[in-house]
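Open the model in your viewer and colour it by confidence. The stops below say what to select next and what is there.

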Amino acid sequence: MTGQLRLDDHLQRYSETAPHALAVAAAVDAIAAAAIEIADLIGTGDIADASGLTTGRNSDGDLQCNLDVQADAILRRYLGKLPIAALASEEMREPQLGDRDAKICVAFDPLDGSSNIDINMTVGTIFSILPAPDDLALAFHQRGSAQLAAGFVTYGPQTSLVLTLGDGVDIFTYDRRSAGFRLVRSAVQISEACDEFAINGSNRRHWDPPVRAFVDECLAGVDGPANHDFNMRWIGSLVAEAYRILTRGGVFLYPSDARPGYGDGRLRLTYEAHPMAMIIEQAGGSASTGRERILELSAESLHQRVPLIMGSSNAVQRVAELHCDPLLVASVSAPLFARRGFFRL
Ligand code: AFP
């Protein structure tokens with residue numbers, strides 16, 4: 001049964017497979033240990049002032065709560081004990097260079113979705129593990145396809161670690177009785193077909209036409225070009241959306257939009273989109289900006305944003321088709337507008 005395999009046994013087997021594997025396994029083990037401490041901290045909520053109240057802004061201007069800072073410190077404490085060539089975090093202005101002889105670099109978002117903490121919703125830690133380049137100044141300018149491993153932890157009803165080591169996606173859930181992560185799902189696969197879409201619909205007036213056309217197709221359901229009814233979700237927590245897609249398929253969109261500062265969307269390439277894209281593709285899905293495959297991209301700056309459309313490959317492909325073909329957008333939109341007088345041009 002999958003529930004018997006412990007994470008540390010899984011990592012032990014992997015660590016013997018390649019020269020960098022031992023370093024990758026040690027980093028994942030450290031992140032898992034840090035996650036248990038973070039989960040305990042979040043779990044106390046306002047009892048221990050582990051609230052989501054904002055205390056300021058990080059180096060990139062994002063609102064920051066005390067738990068963002070505490071989670072960042074916990075991860076850096078555990079990872080700091082390992083030989084790591086370069087470390088980067090959403091809460092750090094610049095990467096921190098370390099052991100020049102180390103084989104790996106690690107980037108992470110210590111607490112994604114932290115604006116959900118006060119409403120007791122699932123938040124998470126996202127991480128990306130890369131090979132250490134000869135020139136460490138290039139550590140976080142590598143293409144997403146260079147990643148050796150990627151994963152995220154959900155702090156929700158379960159504390160679960162979603163992990164890819166480059167050979168499929170496995171999910172481990174923390175077992176408080178035995179104080180260890182246990183395998184609950186192996187070789188996770190995302191269905192090609194899509195029954196659910198996730199986007200923050202309040203931004204509709206700011207979207208580019210291809211995104212608006214895709215969402216309108218979903219809303220038109222069996223009455224429109226998709227000839228299929230969809231459900232909609234928006235949790236406001238990337239890790240929760242990703243976990244749902246890994247569980248029952250679907251598509252997540254955080255596109256660029258016309259709001260100031262959202263010309264490249266909201267999500268960061270290095271420590272959000274790259275790791276999520278590796279996980280989604282390893283599970284048989286797709287991850288795109290709408291025009292380019294996320295894993296083909298390399299960051300020009302550490303906190304660079306990128307549009308992210310990820311999940312069931314049929315849906316991601318449809319969004320890409322709409323981005324490539326303005327005539328298709330027009331043909332999709334016209335009947336929808338005509339049929340739905342509210343949008344009559
Ligand atoms: P926070 O970490 O500031 O809560 O942002 C979470 C997030 O980066 C991602 O997890 C969500 O999918 C997305 O932002 C929600 O963005 P909106 O609040 O604009 O819907």
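## Stop 1: Confidence

This is a predicted model. The chain has an average pLDDT of 92, and 90% of the residues score at least 70. Now select residues 340-345, where the pLDDT is below 50. In the model this stretch has 7 contacts beyond near neighbours in sequence.

## Stop 2: Annotated binding sites

Select Glu-90, Asp-109 and Leu-111, which an unreviewed UniProt entry lists as "binding site". Why can these residues be called one spot? They span 22 residues in sequence, yet no two of their C-alpha atoms are more than 8.9 Å apart, so they gather at one spot. To place Asp-109, show strand E5, which covers residues 104-112 and contains Asp-109.

UniProt (unreviewed entry) gives Asp-109, Asp-112 and Glu-272 under the feature name "binding site". These residues are spread over 164 residues of sequence but cluster in space, with a largest C-alpha distance of 8.7 Å.

## Stop 3: The largest cavity

How many cavities of 30 Å³ or more does the structure hold? There are 2. Begin with the largest cavity, whose volume is about 50 Å³.

Start with Ser-128, Leu-130, Phe-140, His-141 and Gln-142, which are among the lining residues. Sorted by class, the lining of the largest cavity has 3 nonpolar, 6 polar and 1 charged residues.

Next, colour domain 1 (7-185) and domain 2 (196-340) separately. Where does the largest cavity lie relative to the two domains? Both domains give residues to its lining, so the largest cavity lies between them.

## Stop 4: The second largest cavity

The last stop is the second largest cavity, with a volume of about 40 Å³. Select Ile-199, Asn-200, Asn-203 and Trp-207, which are among its lining residues. The lining also includes Leu-253, Tyr-254, Pro-255, Asp-257 and Arg-259. Colour the selection by class: the lining of the second largest cavity divides into 5 nonpolar, 2 polar and 2 charged residues.

Note on methods: Residues numbered from 1 in each chain as written. Predicted model: local features only at pLDDT ≥ 70, side-chain atom pairs only at ≥ 80, totals over all residues. Heavy atoms only, no water. 1 Å grid on protein atoms, 1.4 Å probe; cavity = no way out; pocket = protein on both sides within 12 Å on 5 of 7 lines; lining within 4 Å. Points joined across faces, edges and corners; volume = space filled by probe spheres on them. Nonpolar A, V, L, I, M, F, W, Y, C, P; charged D, E, K, R; others polar. Domains from an automatic or database assignment. pLDDT = per-residue confidence, 0-100. Contact = heavy atoms within 4.5 Å. UniProt positions renumbered as here; feature names shortened; annotations may be inferred. Helix = DSSP H or I, 4+ residues; strand = E, 2+ residues; numbered from the N terminus.
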